[in-house]
Structure formats: C-alpha cells, structure tokens
Amino acid sequence: MLTVTIFLPLLTGLAVLALPRGRPDLVRRAALAGAALTLAAAVILWAGFDPAVGGLQWRLTLPWIPSVGASYDVGVGGLSLALILLTAVLLTVVMAYVFPEHDRAHAHAFLFLLLATGLIGLFAAQDLLLFYLFFEVGLVPMYFIVGIWGGERRRYAALKFFLYTRAGSLAMLLGFLALYLAMEPHSFSLPAIVQARPLDGAPLTGGLVFLALLLGFGVKLPVVPLHNWLPDAHVEAPTEGSVVLAGLQLKMGGYGMLAVLLPALPETVARFGWVLVAVALVSLLYGALAALAQSDMKRLVAYTSVNHMGFVTLGVAVAALSGDEGVRRLALNGAAVQMVSHGFLTGGMFLLVGMLQHRAGTRDLDRFGGLIGSMPVFSGLFGLLAFGSLGLPGLSGFIAEFQAVGAALQLSAWVAGLAVLALVVTTAVYLRLVTGLLMGRAPADAPALPPLTAGEVWSAAALAALSVAVGILPATLVALLDGTTAALAHLP
C-alpha cells in the first residue's frame with residue numbers, strides 16, 4: 001500500500017498528460033481525483049499503523065542496485081506518516097484551489113503530481129540513495145512551476161531557488177557517500193547506518209559529514225544564512241506554488257535533520273549542539289524581525305517561515321545537548337509538531353494572501369483596511385490562521401512552540417528567553433498584519449474586492465480546521481509521532 005501511495009500521484013500525472021489538449025476542465029478533474037485518491041491511500045496507511053508498536057511499518061525492501069548496496073527500501077514511522085498525510089492534504093487543497101485555472105493545465109497538474117511523488121517517497125525512503133533520488137524529484141518541478149507560472153521576476157527567482165537547493169542537495173549527497181563508505185560492508189541502508197553509527201569516534205570525518213548534511217538540510221529548512229533564496233521564490237511563485245513550497249518542501253530539511261542527521265551522527269550533533277542552538281536563535285530572531293519590516297504580505301509570510309522553522313532546529317539542538325530523555329523527547333515532539341502545524345497555518349496564509357492578490361492586483365498591506373466588514377468570511381479565516389501562527393492556545397502553533405520552548409528552558413534559561421523574545425516579535429508581526437488588513441478604514445484608493453468562491457473558502461477552511469483540531473485535540477498527532485520521537489530520544 002505504501003508504494004501505491006508513493007507512485008499514485010505520478011501515475012495520475014502521466015494519465016493527465018494523455019488527456020485531450022482541448023479539455024483543461026477534464027485535466028483538472030483528473031488531477032483532483034488523483035490527489036483525493038492519494039489522500040485516501042494515506043488515510044489507509046494511517047488506519048493500518050499502530051503507534052504502540054514503534055519502529056517502521058508498511059515496510060517493503062526490494063533489490064535496486066545490488067552492486068553498490070542500494071535497495072528500494074520504504075517504510076513509515078510516526079513522523080514520516082504524519083508528513084505523508086500532510087503532503088496528501090495539501091496536494092488535494094492545491095488541486096481544488098486551481099480547479100478553475102486552465103492555463104497550460106496539463107503541464108501544471110503534472111508538475112505538482114510529480115512533486116508529490118517525490119515528497120511522499122522522500123518521507124518513506126529508508127535507503128540514502130533512494131532518499132537522494134526522491135529529494136531531487138521533490139525539488140526540480142518547483143523550478144518549472146516558479147519559472148513558468150510565476151511573477152515578473154520569475155526566471156531570476158527560479159534560477160536562484162534551483163542553484164541554492166542544488167548546491168545543498170550535492171552537499172547532502174557527499175555526506176551520504178561518506179556514511180556509505182564508512183559502513184562495512186558498504187551500504188546505503190539508513191536503519192543499518194543508524195544502528196552501526198560508523199562515524200562515532202571519528203571526530204574529523206564526523207564533523208565534515210555533519211557540515212555537509214547541515215548544509216543540505218539547512219538550505220531547505222531554511223536556516224540563516226542559507227535562507228536567501230526563500231523570499232524571492234515565494235514572492236514570484238504562483239499562490240499554489242507558495243503553498244507547496246512553504247507547507248511541504250521546507251519539511252524536507254526538517255525531516256532530514258530528524259530522520260537522518262540526528263540518528264546517524266548523534267555523537268557529532270551533540271558536539272556541535274551549541275552551534276545548532278546559535279543557528280536556531282539567529283533564525284528565530286532574524287525571521288521575525290525581517291517579517292516585521294515588510295509591507296509586501298507574501299514576503300512577510302515568507303520570512304515568518306524562517307522564524308517558525310527555527311523551532312525545528314532548536315528542537316534538534318536541545319535534544320542533542322540534553323542528557324535527560326524526557327527533555328529530549330519534549331524537544332523532538334515540539335520540532336515534529338511544528339512541521340505539521342506550519343504546513344497547515346502557513347500554507348493557509350499563502351492561500352489567503354494569494355486570493356487577495358488575485359482580486360486586488362497588489363499585496364501591499366498599506367493598500368487595504370477594514371476587510372472585516374466587506375469580506376467577513378475571508379477575515380474570519382485569516383484571523384484564525386494568523387492567531388494560530390503567533391501561537392495562540394487552542395491552535396496547533398501553540399502545541400509546537402510550547403514544547404520547544406519548554407524543553408529549551410530546561411537546557412538554558414537564556415536560550416528559552418531569546419526564543420520567547422522571538423515569539424514576542426512574531427506576535428507583533430501578526431497583530432500588525434491583522435490590524436492593518438482587517439480593521440480600521442480602507443484607504444480611498446483601495447480596490448473593490450469580490451467575495452471568496454466556494455472552492456476558495458473550502459481550501460482555506462480545511463487547513464484552518466486542521467490547525468484547530470490539532471490545537472484542541474493534540475493527543476492524536478502526538479501519539480502518532482511518539483514512537484519516532486521516543487526512539488530518537490533514547491539514542492545514547
């Protein structure tokens with residue numbers, strides 16, 4: 001069933017390419033159906049997953065390149081399953097959102113479906129060479145999505161995105177090759193590498209591999225100073241591209257840190273743990289302050305992603321440095337929940353900002369005001385997602401950040417204090433956004449804005465509802481993640 005879930009989007013994409021060129025409506029129906037089937041398959045995986053068992057489930061191992069010790073090895077733990085579900089949800093939401101759009105529908109649908117196969121395959125891969133293959137499949141389509149359907153500076157943004165992420169993926173590949181060569185016999189098997197820990201006791205090699213993997217995953221997360229590609233890519237990407245980029249592709253970096261970097265190099269990550277703490281705190285503060293300075297709402301939300309994903313880096317760092325298994329577990333749970341929560345909240349924010357831009361032709365915050373009176377449904381959804389993003393209790397952002405800060409407090413009051421300072425600045429960012437957009441009086445030259453369509457309301461409401469569900473009933477998600485975080489916390 002896992003292999004079906006991985007390749008169902010790709011098969012749908014190939015079927016879409018075979019549809020008549022004069023029927024973009026048929027293409028959109030087929031793409032939405034394929035996304036919905038992928039979501040159904042992911043739910044079946046979830047229904048058949050037992051969090052109490054722990055370890056990998058739905059595992060399938062087949063020979064792939066036996067001469068180099070590579071295999072088609074896929075399986076899911078709690079974290080990977082949560083991210084597969086997130087991928088299927090956002091793919092379905094995006095396909096519903098673009099349903100009325102007919103511009104080069106065949107290529108557009110195919111690229112998003114191909115990207116989804118890359119992401120689901122990445123989250124399921126248990127072989128590092130297979131991981132790298134899916135990593136590339138999950139990145140390359142976004143280059144074309146930004147470059148073809150993006151804004152005025154789309155080619156620049158697409159090239160910058162590709163160069164940064166390609167450099168990061170090559171650094172990651174070098175790290176994988178070093179782990180492969182350190183194994184006796186040579187193997188790309190991630191579970192075997194985690195069990196053997198071949199670079200323990202090799203400080204120089206371990207440090208170099210740590211640097212390579214940190215560069216590879218850090219570019220995608222992204223961490224400061226490897227974030228420079230992100231604002232341009234988001235500003236120029238079409239709305240649906242920004243949703244997938246923030247909601248899913250950034251998780252490739254976070255998942256790599258949690259599933260590969262920390263378990264494969266626990267000794268080295270602990271040695272450089274304070275470096276990760278520094279990187280996390282700089283990302284948290286810089287992302288919040290940079291967002292506060294923006295008037296372009298899309299660029300503003302892009303910078304908040306740097307801030308939010310800093311909690312993932314902070315969770316990994318605290319888990320590596322702490323000797324208390326309970327603290328490590330709390331930190332890792334915070335990092336894992338943050339990845340899922342950020343997908344719902346920031347994906348929804350980009351959707352709503354895109355809807356506004358589509359109607360008004362601008363993203364400038366100063367051109368709007370008083371939308372709570374003229375667009376009450378939009379305002380309600382926007383307010384809910386914004387308050388979730390600033391960490392209001394009862395929404396998913398609070399569940400993630402409370403755990404990350406709580407774990408950091410038990411490591412260092414100074415670290416926790418700086419993280420809380422970043423939260424205060426983030427609160428100011430979202431209050432400025434909500435106040436400027438929804439309250440007050442609209443400027444005299446404010447554009448007239450038609451109400452949201454039913455499809456737009458459904459798309460944004462689905463993500464807002466999921467954030468509320470996680471915030472009010474976090475036990476379901478935490479139980480799903482618990483097996484993965486407990487195993488990572490138990491690493492010596």
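This is a predicted model: local features need pLDDT of at least 70, side-chain atom pairs count only at pLDDT 80 or more; totals for chains, interfaces and linings use all residues.

Student: How many cavities of 30 Å³ or more does the structure hold?

Tutor: A cavity is a set of points, on a 1 Å grid over the protein atoms alone, where a 1.4 Å probe fits but cannot get out; lining residues have an atom within 4 Å of a point. Here there are two cavities of 30 Å³ or more.

Student: Which residues line the largest cavity?

Tutor: Its lining consists of His308, Gln338, Ser341, His342, Leu345, Thr346, Gly388, Ser389, Gly397 and Glu401. Helices H15 (325-360), H17 (376-389) and H18 (396-411) each give two or more of the lining residues, and H15 has the largest share, five residues. Helices are DSSP runs (H or I, at least four residues), numbered from the N terminus.

Student: How does that lining divide by class?

Tutor: Ala, Val, Leu, Ile, Met, Phe, Trp, Tyr, Cys and Pro count as nonpolar, Asp, Glu, Lys and Arg as charged, and the others, Gly among them, as polar. The largest cavity has one nonpolar, eight polar and one charged lining residues. For the second largest cavity, of about 40 Å³, the lining has seven nonpolar, one polar and no charged residues. H4 gives the most there, with four residues.

Student: How do H11 and H15 pack?

Tutor: Two packed helices are described by the angle between their axes and the distance between the axes. H11 and H15 pack at about 170°, with axes 7 Å apart. They are therefore roughly antiparallel, a term for angles over 145 degrees.

Student: Is Val301 buried or exposed?

Tutor: Buried means under 20% relative accessible area, with a 1.4 Å probe and protein chains only. Val301 counts as buried because its relative accessibility is 1%. This residue lies in helix H14 (residues 297-321). Beyond its neighbours within four places in sequence, Val301 is in contact (heavy atoms within 4.5 Å) with Thr346, Met349, Phe350 and Val353.

Key: Residues are numbered from 1 along each chain as its sequence is written. Side-chain values use heavy atoms; hydrogens and water are left out. On a 1 Å grid over the protein atoms alone, a cavity is a set of points where a 1.4 Å probe fits but cannot get out, and a pocket is an open set with protein on both sides within 12 Å along at least five of seven lines; lining residues have an atom within 4 Å of a point. Grid points are joined across faces, edges and corners, and a volume is the space filled by probe spheres set on the points. Buried means under 20% relative accessible area, exposed over 50%, partly exposed in between (1.4 Å probe, protein chains only). Axes are lines fitted to C-alpha atoms, for helices over the stretch in contact, and angles run from 0 to 180 degrees between N-to-C directions. Angles under 35 degrees count as roughly parallel, over 145 as roughly antiparallel, 65 to 115 as roughly perpendicular and the rest as oblique.
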